[in-house]
Amino acid sequence: MLHMHVTSWILGIILLLVAFFLYKQGNEKGAKIVHMILRLMYLFIIFTGGYLLFDVYLANFQMPLGAEAITKGLAGIWLIGAMEMVLTKTKKGKPATSAWVQFAIAFILVLVLGYIRLPLSF
Ligand code: HEM
């Protein structure tokens, strides 16, 4: 499940960048398709992350790891929100700086909690 989680978020970041540059180039049709695939990927990320959260941390709740895992999940949801905000703002031709700032903060939180604090890895 961890493998699927990592695969889906890496694919998600790649799809975000591809959709972003397609919108920037004015390739509305191509960007829309990639954006739809990215939305499907959000579901995979949330399902695999949610499964890990319940299976590993909430089923046998222990502090402080349980709280850190919940924070990791919330930061992951925030990151997905920021990714979606980046694309909708870019699509409308509006500046996406605030969305990119949120993306950067949430991404750092997720990486620090996922790789440095929480114990699972492969
Ligand atoms: C785009 C969004 C997300 C990104 C980039 C992301 C990234 C990561 C990373 C880097 C790890 C560590 C992998 C490893 O140690 O090998 C991880 C693990 C994990 N993620 Fe996510 N994640 C995201 C969304 C979510 C969501 C939405 C949830 C919960 C609903 C979640 C829950 C978890 C859990 C419980 C773990 C296991 C923690 C551990 O022990 O290492 N993630 N994720």
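Is leucine 52 buried or exposed?

## Leucine 52

Leucine 52 counts as buried because its relative accessibility is 13%. Here, buried stands for under 20% relative accessible area, exposed for over 50%, and partly exposed for anything in between, using a 1.4 Å probe and protein chains only. This is a predicted model, where local features need pLDDT of at least 70, side-chain atom pairs count only at pLDDT 80 or more, and totals for chains, interfaces and linings use all residues. Residues are numbered from 1 along each chain as its sequence is written, and side-chain values use heavy atoms, with hydrogens and water left out.

You'll find leucine 52 in helix H2; helices here are DSSP runs (H or I, at least four residues), numbered from the N terminus. Setting aside neighbours within four places in sequence, leucine 52 is in contact (heavy atoms within 4.5 Å) with Met1, Leu2, His5, Tyr57 and Leu120. Alanine 69 sits 17 residues from leucine 52 along the chain, and their C-alpha atoms are separated by 9.3 Å.

## Around the ligand

Of the 24 residues around the ligand (a heavy atom within 4 Å), His5, Tyr57, Lys72, Tyr115 and Leu120 come nearest. Helices H1 (2–25), H2 (28–58), H3 (65–91) and H4 (97–117) each supply at least two residues of this shell. By class, the shell has 16 nonpolar, seven polar and one charged residues; Ala, Val, Leu, Ile, Met, Phe, Trp, Tyr, Cys and Pro count as nonpolar, Asp, Glu, Lys and Arg as charged, and the others, Gly among them, as polar.

Now for the individual atoms. A side-chain N or O atom of histidine 5 is 2.9 Å from a nitrogen atom of the ligand. On the backbone side, an N or O atom of leucine 120 lies 2.7 Å from a ligand oxygen, while a polar backbone atom of glycine 114 is 3.3 Å from an oxygen atom of the ligand.

## Glutamate 84

Over in helix H3 there's glutamate 84, which counts as buried because its relative accessibility is 18%. Apart from residues up to four places away in sequence, glutamate 84 touches His35, Arg39 and Tyr42.

Two of these partners also make polar contacts (N or O atoms within 3.5 Å, one able to donate a hydrogen and the other to accept it within protein; residues adjacent in sequence count only if both atoms are side-chain atoms). The side chains of glutamate 84 and arginine 39 are joined at 2.6 Å, and the side chains of glutamate 84 and tyrosine 42 pair up at 3.1 Å.
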